[in-house]
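Colleague: I would like to go through this model with you, one question at a time.

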Amino acid sequence: MMKNDIILAGVGGQGILSIAAAIGLAAVANDLFLKQSEVHGMSQRGGDVQSHLRLSDKPVSSDLIPYGKADLIISVEPMESLRYLPWLSDKGWLVTNSNPFINIPDYPSLDEILKEIKKIKNHIIIDADGIAKEAGSARSGNMVILGTASPYIDMSFESLENAIRKLFGRKGNQMVETNLKALRAGRECSVK
Amino acid sequence: MKRVLLLGDEAIAQAALDAGLSGMYAYPGTPSTEIMEFIQSSKVGSDRNVHREWSSNEKTAMEAALGMSYAGKRAMVAMKHVGLNVAADGFINSAITGVNGGLIIVSADDPSMHSSQNEQDSRFYGKFAFVPCFEPSNQQEAYDMVFDAFEVSEKYMMPVLVRITTRLAHSRASINLRATLPQKKLSLPVDPLQFVLLPAIARKKYKSLLSAYESLRYESLITKYNNFKDGSKRDLGIITCGIAYNYFLENVGESISDFPVLKISAYPFPKELIKDITGRCKEILILEEGAPVIEEAIRGILDDGIKIRGRLDGTVPRDGELNPAIVAKAIGLPVSYGKAVPSLVKMRPPSFCIGCGHADMFNSLTEAIKPYGSGHVFSDIGCYTLAALPPFNAINSCVDMGASVTMAIGASDAGLFPSIAVIGDSTFTHSGMTGLLDAVVKNSPVTIIISDNSTTGMTGGQKSQATGRIEQICEGIGVKREHLRVIVPLRKNHAENVCILKEEFEYRGVSVVIASRECIQTATKRKRSENSNE
């Protein structure tokens, strides 16, 4: 049985819903069952946001992932990656951006955060913003992270590329190409 | 068959379009907003010229939808749960008038109050009004139920309530679509007095509503969504409804076949099925998202039947939404948590966007109010409510749409001076205008600050009915021109704005200060789309 339970984490406005939409489109193209729960409303104003994304070859029941069952946390912000550890399974992977989004006065030290992340057995920390900038689009850090996390999602890389073509197609060819470049650059950072 | 990936909200919108909708009416409110937004952006909506403009509030939306139904066409009105309070007068009386074209009221509840001030359960309203209520447990059911809800509505000439909760509204799944039905033609009610609720007519219609509601229990389209499935267990039976069913299924997996399960997704709920399952089992666990509506009905006052477990005996928490862990514990299954959240992880509450005009307005307000001490500022529902949090700590109330104006009036009646209201532009046209009229008529010494960002911001930037009209509205209501001040909340205007606010606080009559600057979010979006159109 194929099952991927993924938690996407970040701060309102950082683009985690685009990651969710890309994976969702790929899942539909792969004929998988899917449920994806999002946060809309008040929290989107700079608060912590998360999305539960569940893919399976069998029908999915709960819209929310049970504690201890997530296979993957994809986070566009380092502190936010830690907020969802109660959901991560023993064998799960944590893939996170290293660049903090500081909009609270008591944001902890980044070194301490990274130390906590490194305590997780399966973790990848990347400078998604830097890689995105190199790829030519500072705003595609979310697609870099998706690329880095992609080996841990049980769908072909090609199907994610196609999803990005579909997702950004309306915004023009250049938008598609920069996001694809970001996705591929992220993929190269992955250890797998 | 076409399959598409849709939010629960979008599935309802798509179904309404596919079922021949002619009019969609709504006021934005999380978690219901995306229903109207989907119809506004859909091709079918524009091809078929479906009405899809926002209304000023839920009451006007409800009544306009009833008018569309009067004219024989299918209409839907959508709102968040507390919006149904605003629409309640029209909603409850629409049960007595009945409908002509099919009419669906969608109320999206927000248990755990992710974006709300309470977690009331709309199913109470269904029973209160004697209106059938559908409660889908997943996106496909939400889609399918809309078709059946329109059929029930037209067959029984009753409005139908569709109740969803946040997790369904804002969760995506792939849906099988049906063929599109034609829209209905304009046709007036056969009985010209159907919608005239004069007491003599209303009494007759109320009697027939009561008997129609009872006969709904045997309506096949309702019973279709209420399923009993027996299992080998006799020590525990499950009654579950709406989205709670998913959490149950998630936990028990294939061993669901052991459990006797009654899944309720349509109301009035089936007494016979409840008697059936309770007669088979020693204990019943009731899992429902929201209030213990079914549980209270089954327990009654005597509560002397079989052992019932649920929200009322502490098996399930009395408040807050359900999740897989809560349901696991209620069934007696173990929950395996991952690692604990490290203590260094800090709360990250929502906050004003960088460059937000509300924030600049509050900076000026905080300085202007300082000499009077704290406790003078009544506020309202919108992004600006975030001023209750540090570093602003600038407001003293947030109760319901429009209450800032009227609470300021009442407090000034009691002698509080100055008494100040802060309300957003969209909230002002939703429910603030009538309060302002009260203030003008008795010349209350209040200062109303309308923080005008020219949009309905908190719900994501929907069109505000107030845009370009606030000054005219205030003048029309009778606010004196010299006490109708317009300021631009920018840091560079801070000193001047503080002066203006102080002047108006000191005025012993009604003054309105309009702090006007476009929402930073909608401004960015607008500029981006203008650039891409060039």
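What follows is a set of questions and answers on a predicted model.

Colleague: How does the radius of gyration of chain B stand against the globule rule for 534 residues?
Modeller: The C-alpha trace of chain B spans about 75 × 65 × 55 Å along its principal axes. For 534 residues the globule rule gives 24 Å, and the chain's own value is close to that, so chain B is as compact as a globular protein of that length. The radius of gyration of chain B is 25 Å.

Colleague: Among contacts in chain B between residues at least 6 apart in sequence, what percentage join residues at least 24 apart?
Modeller: Chain B has 21 helices and 18 strands, and 52% of its residues count as buried. Of the contacts that you ask about, the share joining residues at least 24 apart is 78%.

Colleague: What distance separates the centres of domain 2 and domain 3 of chain B?
Modeller: The domain assignment of chain B gives domain 1 (3–223), domain 2 (226–331) and domain 3 (357–523). Taken over C-alpha atoms, the centres of domain 2 and domain 3 of chain B are separated by 47 Å.

Colleague: Which elements give two or more residues to the side of chain B that touches chain A?
Modeller: The contact involves 38 residues of chain B and 41 residues of chain A. By class, the chain B side has 20 nonpolar, twelve polar and six charged residues. The elements that give two or more residues to this side are β7 (171–176), α12 (244–252) and α15 (324–331) of chain B.

Colleague: Is B:Pro324 buried or exposed?
Modeller: B:Pro324 lies in helix α15 of chain B. Leaving aside neighbours within four places in sequence, B:Pro324 is in contact with residues of both chains, including A:Ser62, A:Leu64, B:Tyr247 and B:Glu250. The cut-off for burial is 20 or more other C-beta atoms within 10 Å. B:Pro324 has 23 C-beta neighbours inside 10 Å, so B:Pro324 counts as buried.

Colleague: How far apart in space are B:Pro324 and B:Asn246, C-alpha to C-alpha?
Modeller: In sequence, B:Pro324 and B:Asn246 are 78 residues apart. In space, C-alpha to C-alpha, the separation of B:Pro324 and B:Asn246 is 8.5 Å.

Colleague: How many of the eleven residues of helix α17 (residues 403–413) of chain B are buried?
Modeller: The buried residues of α17(B) include B:Val405, B:Met407 and B:Ile409. Their cover includes β14 (377–378), β15 (419–424), α18 (425–441) and β16 (446–452) of chain B. Helix α17 of chain B is largely enclosed by the rest of the structure, because the buried count out of eleven is nine.

Key: Residues are numbered from 1 along each chain as its sequence is written. Chains are lettered from A and ligands numbered from 1 in the order in which they are written. This is a predicted model: local features need pLDDT of at least 70, side-chain atom pairs count only at pLDDT 80 or more; totals for chains, interfaces and linings use all residues. Two residues are in contact if their C-beta atoms, placed from the backbone, lie within 7 Å. Helices (H or I, at least four residues) and strands (E, at least two) are DSSP runs, numbered from the N terminus. Ala, Val, Leu, Ile, Met, Phe, Trp, Tyr, Cys and Pro count as nonpolar, Asp, Glu, Lys and Arg as charged, and the others, Gly among them, as polar. The radius of gyration is taken over C-alpha atoms; the globule rule is 2.2 Å times the number of residues to the power 0.38. A residue is buried if 20 or more other C-beta atoms lie within 10 Å of its own, exposed if 12 or fewer, and partly exposed in between; C-beta atoms are placed from the backbone. Domain bounds come from an automatic or database domain assignment.
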